[in-house]
Amino acid sequence: MQKYLKALENSYALVYNYFVLCKINAIFCLRKGLNMKSITLLLNTTQSVKTFVNIISQYDFDMDLRCGRYVVDAKSILGIFSLDLNRPVVLEIHSDNDCEELLNKISKYICQ
């Protein structure tokens, strides 16, 4: 039982540390002059997640998906499946250039 609790404690610590690093990254991007766009998406099927990851993997700038207090790398299919996909998620794009091409490609997943 102690090993289980220790493993659970370690996993919570890893999630918390990743969340803190994402916040630091957002602050750093703002100081560097990078723009951060937030778009609400609905990825409620396995096929939509697979297609979404294939689309955004073509771009070299950083992107995160946020669902509540959890933040994962948007290019990680396993990370996305760890989120609650019954609810909308927020895509945070960290880029210094315009990302209209990307937004056009993922427009079918954007919530109005």
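Mentor: Let us begin with Ser48, which is found in helix α2, spanning residues 46-56. Please keep in mind that this is a predicted model.

Trainee: Is Ser48 buried or exposed?

Mentor: Ser48 is buried, because its relative accessible area is 8% and buried means under 20%.

Trainee: Which backbone oxygen does the side chain of Ser48 reach?

Mentor: That of Thr45, at 2.7 Å.

Trainee: And which residues does Ser48 touch, not counting residues up to four places away in sequence?

Mentor: With those neighbours left out, Ser48 touches Leu43 and Tyr109.

Trainee: Changing topic, which residues make the nonpolar surface patch?

Mentor: Ile77, Leu78 and Phe81 make that patch, and its area is about 300 Å².

Trainee: Where does Leu78 lie?

Mentor: Leu78 is part of helix α3, which covers residues 77-81.

Trainee: Why is Leu78 called exposed?

Mentor: Because the relative accessible area of Leu78 is 70%, and exposed means over 50%.

Trainee: Now the cysteines. How many disulfides does the count come to?

Mentor: The count comes to zero disulfides. The rule asks for a pair of cysteine sulfur atoms within 2.5 Å.

Trainee: What about Cys99: buried or exposed?

Mentor: Cys99 is buried, with a relative accessible area of 4%.

Trainee: What is the relative accessible area of Cys111?

Mentor: For Cys111 the value is 28%. Cys111 is therefore partly exposed, as that class lies between the buried limit of 20% and the exposed limit of 50%.

Methods. Residues are numbered from 1 along each chain as its sequence is written. This is a predicted model: local features need pLDDT of at least 70, side-chain atom pairs count only at pLDDT 80 or more; totals for chains, interfaces and linings use all residues. Side-chain values use heavy atoms; hydrogens and water are left out. Buried means under 20% relative accessible area, exposed over 50%, partly exposed in between (1.4 Å probe, protein chains only). Patches are made of residues with over 30% relative accessible area and no salt bridge: like charges are joined within 9 Å, nonpolar side chains (Val, Leu, Ile, Met, Phe, Trp, Tyr) within 5 Å. Accessible areas come from the Shrake-Rupley method with a 1.4 Å probe; for residues, only the protein chains shown count as cover. A salt bridge is a side-chain nitrogen of Lys or Arg within 4 Å of a carboxyl oxygen of Asp or Glu. Helices (H or I, at least four residues) and strands (E, at least two) are DSSP runs, numbered from the N terminus. A polar contact is a pair of N or O atoms within 3.5 Å; within protein, one must be able to donate a hydrogen and the other to accept it, and residues adjacent in sequence count only if both atoms are side-chain atoms. Contact means heavy atoms within 4.5 Å.
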